[in-house]
Amino acid sequence: MTVEQALQLLKEKGYKYTGKREEMVRIFAQEKRYMSAREMLSRMQKEYPALSFDTVYRNLTLFADLNIVEVTELGGERKYRFRCSMDEHHHHLICLSCGKTRHIRSCPLDGMFGEPDGFRITDHKFEIYGYCSDCEESRV
């Protein structure tokens, strides 16, 4: 997803365009990693000093509902990242230290033969957690 696609999606779904929403989308596009609501608030308070945590969290929830961002839980906290792709099926390696991600092209469900009996799969998520090479070096 691009910044323009995300902003267009907001418009198509009838949501008001705001500079704060655009800034959040641009930050996600730049960062290319999972971020917490507090990290987003910290990044945005330079430009918007009166911005509240509730406003950031409400927008993150909206972005997740519209599939603009992907959500995971790391260390007991919800984290968000810009949606990689609207069409391409993939999964992630996620660094527990910096939140950077890397695509995994293979899918564990590829090894299954058809759908499980009595169950129709509509979606799934597969994530592997660890440390990227930069963070692993600093841990030693």
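**The largest nonpolar core**

Modeller: Happy to! Of the 26 residues in the largest nonpolar core, those touching the most other members are F28, M40, V56 and I68; such a core is a set of buried Ala, Val, Leu, Ile, Met, Phe, Trp, Tyr and Cys residues joined through side-chain atoms within 4.5 Å. Helix 1, helix 2 (19-31), helix 3 (37-44), helix 4 (53-65) and strand 2 (77-82) each give two or more residues to this core. Helices (H or I, at least four residues) and strands (E, at least two) are DSSP runs, numbered from the N terminus.

A word on the source: this is a predicted model, where local features need pLDDT of at least 70 and side-chain atom pairs count only at pLDDT 80 or more, while totals for chains, interfaces and linings use all residues. Residues are numbered from 1 along each chain as its sequence is written, and side-chain values use heavy atoms, with hydrogens and water left out.

Now to I68: beyond its neighbours within four places in sequence, I68 is in contact (heavy atoms within 4.5 Å) with M1, A6, L9, L10, F63, R81, F82 and R83. L10 counts as buried because its relative accessibility is 4%, buried meaning under 20% relative accessible area, exposed over 50% and partly exposed in between (1.4 Å probe, protein chains only). With neighbours within four places again set aside, L10 contacts Y15, R21, L62, F63, L66 and I68. Between L10 and R21 there are 9.3 Å from C-alpha to C-alpha, at a separation of 11 residues in sequence.
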